[in-house]
Amino acid sequence: MGSFFGRTALRALLCGPRIPGLLVRPRSGGPSWPQERTLVAVKPDGVQRRLVGTVIERFERRGFKLVGMKMMQAPESILAEHYRDLQRQPFYPALISYMSSGPVVAMVWEGHNVVRISRTMIGHTDSTEAAPGTIRGDFSIHISRNIIHASDSVEGAQREIHLWFQSSELLNWADDGHHSSCCPA
């Protein structure tokens, strides 16, 4: 009986609560709820510390679907547009310098509530406030070297995805039998 409870508790912790009587059946190889997309970027410190695979693993384990990925030296034009809301901040020049100091791995992930859940998964911007178990809580060493970026809203995600990716670089593919943000029974 103890091992059953252990599996049930672990599933609830990793996947969230189950709703009795609610079965989600895939339709055309995918979930029946609306899908979102979000931009996730492993920043230069994350790439240099060889954390790209760890980030990908966490998103895949959560059940999200990778629909675009590329490694690049981010051009200043993309960075200026991406961080346009921070242009008047005193740290802006250092931010642009840091983000262009090494490769970035930009990814587009798809799934139910992927924007909100991604933000929870990555944790607070300031590593001293990021909870253990989050990407930043586990790996970030300083607010200015915080491993990862994830879009903060559905609208922001759409803007950022179009900034970092051409539509031809994003794939629509069927993940037969898999449910985003959901664990097997």
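User: Which residues is His149 in contact with, leaving aside its neighbours within four places in sequence?

Analyst: Contact means heavy atoms within 4.5 Å. His149 is in contact with Leu39, Val40, Ala41, Lys43, His82, Ile122, Arg136 and Glu160. This is a predicted model, in which local features need pLDDT of at least 70 and side-chain atom pairs count only at pLDDT 80 or more, while totals for chains, interfaces and linings use all residues. Residues are numbered from 1 along each chain as its sequence is written, and side-chain values use heavy atoms, with hydrogens and water left out.

User: Where does His149 lie, and is His149 buried or exposed?

Analyst: Helices (H or I, at least four residues) and strands (E, at least two) are DSSP runs, numbered from the N terminus. His149 belongs to strand 4. Buried means under 20% relative accessible area, exposed over 50%, and partly exposed in between (1.4 Å probe, protein chains only). His149 counts as buried because its relative accessible area is 13%.

User: What joins the side chains of His149 and Glu160?

Analyst: A polar contact is a pair of N or O atoms within 3.5 Å; within protein, one must be able to donate a hydrogen and the other to accept it, and residues adjacent in sequence count only if both atoms are side-chain atoms. Between the side chains of His149 and Glu160 there is one of 2.9 Å.

User: Which residues does the UniProt annotation "binding site" cover?

Analyst: UniProt positions are given in the numbering used here, feature names are shortened, and annotations may be inferred rather than shown by experiment. According to the unreviewed UniProt entry, "binding site" covers Lys43, Phe91, Arg119, Thr125, Arg136 and Asn146.

User: What is the place of Thr125, and what is the place of Arg136?

Analyst: Thr125 sits in the loop between helix 6 and helix 7 (135-139), and Arg136 is in helix 7. Thr125 is partly exposed because its relative accessible area is 36%. Arg136, at 4% relative accessibility, is therefore buried. Not counting residues up to four places away in sequence, Thr125 touches Arg136, Ile143 and Asn146. With the same exclusion, the residues that Arg136 touches include Lys43, Thr125, Asn146 and His149.

User: How many residues has the largest nonpolar core?

Analyst: A nonpolar core is a set of buried Ala, Val, Leu, Ile, Met, Phe, Trp, Tyr and Cys residues joined through side-chain atoms within 4.5 Å. The largest one here has 22 residues, and Phe59, Met107, Trp109 and Ile148 have the most contacts inside it. Two or more residues each come from strand 1 (36-42), helix 3 (52-62), strand 3 (104-111), helix 6 (114-122) and strand 4 (148-150). Helix 6 gives the largest share, 5 residues. A second, separate core of 20 residues includes Ala41, Val108, Ile161 and Phe165.

User: What pLDDT does the protein average?

Analyst: pLDDT is the predictor's confidence in each residue, from 0 to 100. The protein averages 84, and 77% of the residues score at least 70. Residues 1-28 stay under 50, and the model has 19 contacts beyond four places in sequence for them. Residues 180-185 are also below 50, with 22 contacts beyond near neighbours in sequence.

User: How many helices and strands does the secondary structure come to?

Analyst: The protein has 8 helices and 4 strands. From the N terminus on, they run α-β-α-α-β-α-α-β-α-α-β-α. Of the 185 residues, 42% count as buried.
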